[in-house]
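Please find below a colleague's note on the model shown here.

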Protein chains: 2
Amino acid sequence: MNSFTEENYLKAIYKLIEQEGETVTTNAIAEKMSTKPASVTDMLKKLADKKLINYQKYQGVTLTSKGEKIALTIIRKHRLWEMFLVEKLDFKWDEVHDVAEQLEHINSDKLIEQIDKFLCYPKVDPHGDPIPDAKGKVNIQKSHLLSKFNKNDVCIMTGVVDHSTAFLQYLDKCGLALGNEIKIKDIVEFDHSLQITINKGSTTFISNDVAKNILAIIK
Amino acid sequence: MNSFTEENYLKAIYKLIEQEGETVTTNAIAEKMSTKPASVTDMLKKLADKKLINYQKYQGVTLTSKGEKIALTIIRKHRLWEMFLVEKLDFKWDEVHDVAEQLEHINSDKLIEQIDKFLCYPKVDPHGDPIPDAKGKVNIQKSHLLSKFNKNDVCIMTGVVDHSTAFLQYLDKCGLALGNEIKIKDIVEFDHSLQITINKGSTTFISNDVAKNILAIIK
DNA sequence: ACAATAATTTAGACTTATCTAAAAAATATT
DNA sequence: AATATTTTTTAGATAAGTCTAAATTATTGT
């Protein structure tokens, strides 16, 4: 078994590789973990001894497949717990992070599989991030234009095509933001505009032109 | 904030006082915590410094009101999580303990209040032990033998005296389990056997011998 | 009451994860 | 290429929680 701290380091390294690519530096890890580089070096030695990372002095770090598996398990647990908090316990999506940071370290295979089942095997968390499966596989669901979805689809907004201020301000006004759940209530035949429900709350219309500039993944 | 370890010591001391009464000895704590008396002494000094226990060398230990409050909070969380696991995630009542031992240390007031609400504010856990309220008050409803109740009493089954497999299997067959609501419809004068209704559903008879091995609290 | 036994505490050491300050290696600058 | 700067590592210290072995205090038996 690995300590909470080890798990947190592996998770941080995974996320840094995901966004920065290739290898990760000692300083980057230190910043992400809010700790000092010297402490990171100590931990890297330990993780390398356990064969969870590939580490050569001064050369940066990558995860071994064993280390990556553990990181993905932690991420899976984190995202499932976030989902649970939002869906079942009425947490707002910006309230869940700190609690999920604790819950992700609870060690029980049965627990996490039952939570998964209880939530009906969700594919993405409340922020729209994908939830790895029990084997650590991430379903890299490619985003699609909102205009491609069908009536009654429920999806998560993941991005925009048009990055202009004007467009983003319009989205704000509609109450549309990344991670929002969008349900397509209806597609108007006349102009292909969409009637949508945002986060199970307000219902509004958006034009097909707007829908062509919003990216989303099916939930 | 207190560490997991401190919380576990406080919980152990609370439980020992509950069953052994008065003060608790260093050795008793060591045994309960599966550790060595020397380690206990170290921790007792620390807890005394924090004013969570009353401790004089060689004189045993009691909890301060502050310490007791913390212990009861941990116990509240433990029992609510057990309830959650059994009621919502299909855990068997003998599978929940190890997981609840971990979950009881998750630190979030909102989380535990929402779990409580989600479970509809249960009074007892799956083992029939009372769940302290948010203020740390325990509803000290002592369990009684089912044979002591009167006609038309409605009670909740909280435990058994005989723990043999044979007896538990018999209870299974009757459809009797911990947490069930039992209404005493009649007491047969001839042999003091009971006619009972389980969970407002099926009605059945149980002998006085059986009733003497079932614990319950009045509802 | 006093020796024997049991319970408890002290002393000193170990582990994990952290830190500061200083040294070493890598990278950038001129 | 030589120097300056940044990054990373080493060395040594600290705090929490644990341990063993030895010392101290309390309890028991005769």
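**Note on the predicted model**

1. In this predicted model, helix H3(A) makes the greatest contribution to the surface near DNA strand C, giving 5 residues. In total, 20 residues surround DNA strand C, and the closest are A:Ser3, A:Ala38, B:Thr25, B:Asn27 and B:Ala38.

2. What is the make-up, by class, of the surface near DNA strand C? This surface has 8 polar, 7 nonpolar and 5 charged residues.

3. DNA strand D is likewise surrounded by 20 residues, of which the closest are A:Thr25, A:Asn27, A:Ala38, B:Ser3 and B:Ala38. Here the elements giving two or more residues are helix H2 (26-32) and H3 of chain A, together with helix H1 (4-20) and H3 of chain B.

4. Which element gives the most to the surface near DNA strand D? That element is H3(B), with 5 residues. Sorted by class, the surface near DNA strand D holds 7 nonpolar, 8 polar and 5 charged residues.

5. The contact between the two protein chains draws 13 residues from chain A and 13 residues from chain B. On the side of chain A that touches chain B, two or more residues come from each of helix H5 (97-103) and helix H6 (109-118). The largest share of that side, 4 residues, belongs to H6(A). By class, the side of chain A that touches chain B comprises 7 nonpolar, 4 polar and 2 charged residues.

6. Chain A also contains an open sheet of 6 strands, ordered E3-E8-E4-E5-E6-E7, with antiparallel pairing. Its edge strands are strand E3 (144-145) and strand E7 (203-206), each of which pairs on one side only. Strands of a sheet pair through backbone hydrogen bonds, in either a parallel or an antiparallel manner.

7. Within this sheet, how many bridges join strand E5 of chain A to strand E6 of chain A? There are 5 bridges between strand E5 (residues 181-187) and strand E6 (residues 194-198), and the two strands run antiparallel. In this pairing, A:Ile182 stands opposite A:Ile198 of E6(A).

Note on methods: Residues are numbered from 1 along each chain as its sequence is written. Chains are lettered from A and ligands numbered from 1 in the order in which they are written. This is a predicted model: local features need pLDDT of at least 70, side-chain atom pairs count only at pLDDT 80 or more; totals for chains, interfaces and linings use all residues. A residue is near a molecule or strand if its C-beta atom, placed from the backbone, lies within 6 Å of it. Ala, Val, Leu, Ile, Met, Phe, Trp, Tyr, Cys and Pro count as nonpolar, Asp, Glu, Lys and Arg as charged, and the others, Gly among them, as polar. Two strands pair if DSSP finds at least two bridges between them. Two residues are in contact if their C-beta atoms, placed from the backbone, lie within 7 Å.
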